[in-house]
Amino acid sequence: MAEAQAEEPSSEEPTGDGLARAAIAQLSYVAEALVTALECIAAGHAASSREVVGAMIQADAHLTEALRIPSDDEFKTTLRALWGREEMPVRIR
């Protein structure tokens, strides 16, 4: 009886469970960066300090990457359902 071989990871875009795993990983990075920012504030750093702002920028970058995980069509459909339009709200900064 032949042993089952594990499938090699694909270099293609993740689908199904792969999308969920990618989202979980990316959102975990967001959470870690936010925890770092909170820990810095709790340690007495100002909200405008290099440590806190740096951690917030990292969180923002990881969240931006997380938002790129769904396909464009899925993303636009979800935005339309949330805000009635197919574009993200404009950022202040």
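The model is predicted: local features need pLDDT of at least 70, side-chain atom pairs count only at pLDDT 80 or more, and totals for chains, interfaces and linings use all residues. Residues are numbered from 1 along each chain as its sequence is written, and side-chain values use heavy atoms, with hydrogens and water left out.

**The whole chain**

Start with a cartoon view. The chain has three helices and zero strands, in the order α-α-α from the N terminus. Helices (H or I, at least four residues) and strands (E, at least two) are DSSP runs, numbered from the N terminus.

Next, colour by accessibility. Of the 93 residues, 14% count as buried; buried means under 20% relative accessible area, exposed over 50%, and partly exposed in between (1.4 Å probe, protein chains only). The accessible surface comes to about 7900 Å², with 56% of that belonging to carbon and sulfur atoms. Areas come from the Shrake-Rupley method with a 1.4 Å probe, and for residues only the protein chains shown count as cover.

Among contacts with a separation of 6 or more, 42% are accounted for by residues 24 or more positions apart. Contact means heavy atoms within 4.5 Å.

Select residues 17–42 for helix H1, where you will find leucine 27. Is glutamine 26 buried or exposed? Glutamine 26 is buried, at a relative accessible area of 15%. Show what surrounds this residue: leaving aside neighbours within four places in sequence, glutamine 26 is in contact with His62, Glu65, Ala66 and Ile69. Leucine 27, by contrast, is partly exposed at 43%.

**The loop between H1 and H2**

Move on to serine 49, in the loop between H1 and H2. Serine 49 counts as buried, at 13% relative accessibility. Zoom in on its side chain, where a polar atom lies 2.9 Å from the backbone oxygen of alanine 46.

Glutamate 65 is partly exposed at 37%, while arginine 68 is exposed at 56%.

**The nonpolar patch**

Switch to a surface and select Leu27, Leu63, Leu67, Leu82, Trp83 and Met88, which form a nonpolar patch with about 570 Å² of accessible area together. The elements giving two or more residues to the patch are helix H2 (50–67) and helix H3 (72–83). Patches are made of residues with over 30% relative accessible area and no salt bridge: like charges are joined within 9 Å, nonpolar side chains (Val, Leu, Ile, Met, Phe, Trp, Tyr) within 5 Å.

**H3 and what follows**

H3 has 12 residues and reaches 16 Å from its first C-alpha to its last, close to the 16 Å expected at 1.5 Å a residue. That expected span is 1.5 Å times one less than the number of residues. After H3 comes glycine 84, with a positive phi near 75 degrees.

Finish at glutamate 86, in the segment after H3. What does glutamate 86 contact, leaving aside its neighbours within four places in sequence? Its partners are Lys76, Leu79 and Arg80. Glutamate 86 counts as partly exposed, at 37% relative accessibility.

Key. Salt bridge = Lys/Arg side-chain N within 4 Å of Asp/Glu carboxyl O. Polar contact = N/O pair within 3.5 Å; in protein donor to acceptor, adjacent residues only side chain to side chain.
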